[in-house]
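Biologist: Please put the model up, and I will ask about it piece by piece.

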Amino acid sequence: MIILYGIPNCDTVKKARAWLTAQGVDYQFHDFKKQGVPPERLAVWTQAAGWDKLLNRQGTTWRKLDAATQAAVHDAATAQALMRANPSVIKRPVVEWDRGITLGFDVAGWAARVRT
C-alpha cells in the first residue's frame, strides 16, 4: 500500500493527491497535523533520504523559526527532534512506495513508479 504523508492544506500535497487519484492509484493519506509524525517512519526516511533533504529549509515554517533553533539543527538527531516538534518543516509529501520513498511531487518520477 502506498502511503502519502503530509498536510492536507499544502498545495503540493493537494496536487500529489489529485494526481494519484486521477491515475487510479490506491493510497493511504497520513495527516501530520491530526496523526503526528510516526517516529519510526521518520527514522526510516532520514536513513533513506538524508536529514538534510528531508528538512525543508525553503518553507515558511523554517523561516519563522528563530536563528538559535535553526542553528541547533546540525545532524540527524537534532533534525528529527525538530521535525517531530514541527511537522511542517518536513519536505512534502513524503511517499512510501512499494519500493522506497520519495520526497516532494515529481510527475515523471511518480509515473515511472506507477507504471512498474
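Modeller: Leu42 lies in helix α3; helices (H or I, at least four residues) and strands (E, at least two) are DSSP runs, numbered from the N terminus. This is a predicted model, where local features need pLDDT of at least 70 and side-chain atom pairs count only at pLDDT 80 or more, while totals for chains, interfaces and linings use all residues. Residues are numbered from 1 along each chain as its sequence is written, and side-chain values use heavy atoms, with hydrogens and water left out.

Biologist: Is Leu42 buried or exposed?

Modeller: Buried means under 20% relative accessible area, exposed over 50%, and partly exposed in between (1.4 Å probe, protein chains only). The relative accessible area of Leu42 is 0%, so Leu42 is buried.

Biologist: How many residues apart in sequence are Leu42 and Ile90?

Modeller: Contact means heavy atoms within 4.5 Å. Leaving out residues up to four places away in sequence, Leu42 touches Val37, Leu54, Gln80, Met83, Arg84 and Ile90. From C-alpha to C-alpha, Leu42 and Ile90 are 9.6 Å apart in space, and in sequence the separation is 48 residues.

Biologist: Which residues touch the most other members of the largest nonpolar core?

Modeller: A nonpolar core is a set of buried Ala, Val, Leu, Ile, Met, Phe, Trp, Tyr and Cys residues joined through side-chain atoms within 4.5 Å. Elements giving two or more residues to this core include β1 (2–6), α3 (39–49) and α7 (76–85). The core has 34 residues, and those touching the most other members are Leu4, Leu20, Trp45, Leu55, Met83, Ile90 and Trp110.

Biologist: Which side chain makes a polar contact with the side chain of Thr46?

Modeller: Thr46 is in helix α3 and counts as buried because its relative accessibility is 9%. A polar contact is a pair of N or O atoms within 3.5 Å; within protein, one must be able to donate a hydrogen and the other to accept it, and residues adjacent in sequence count only if both atoms are side-chain atoms. At 3.4 Å, the partner of the Thr46 side chain is that of Gln80.

Biologist: At what angle do α1 and α8 pack?

Modeller: The contact uses Ala16, Trp19 and Leu20 of α1 with Val107, Trp110, Ala111 and Val114 of α8. Axes are lines fitted to C-alpha atoms, for helices over the stretch in contact, and angles run from 0 to 180 degrees between N-to-C directions. Helix α1 (residues 11–22) and helix α8 (residues 107–115) have axes 12 Å apart and pack at about 35°.

Biologist: How far apart in space are Val25 and Val114?

Modeller: Val25 sits in the loop between α1 and β2, and it counts as buried because its relative accessibility is 14%. Beyond neighbours within four places in sequence, Val25 contacts Ile2, Leu20 and Val114. Although 89 residues separate Val25 and Val114 in sequence, their C-alpha atoms are apart by 7.7 Å.

Biologist: Which side chain makes a polar contact with the side chain of Tyr27?

Modeller: Tyr27 belongs to strand β2, and its C-alpha atom is 4.7 Å from that of Ile2. At 3.3 Å, the side chain in polar contact with that of Tyr27 is from Arg17.

Biologist: What is omega for the cis peptide bond that joins Arg92 and Pro93?

Modeller: Most peptide bonds are trans. Pro93 is in the loop between α7 and β3. The bond joining Arg92 and Pro93 is cis, with omega about -15°.
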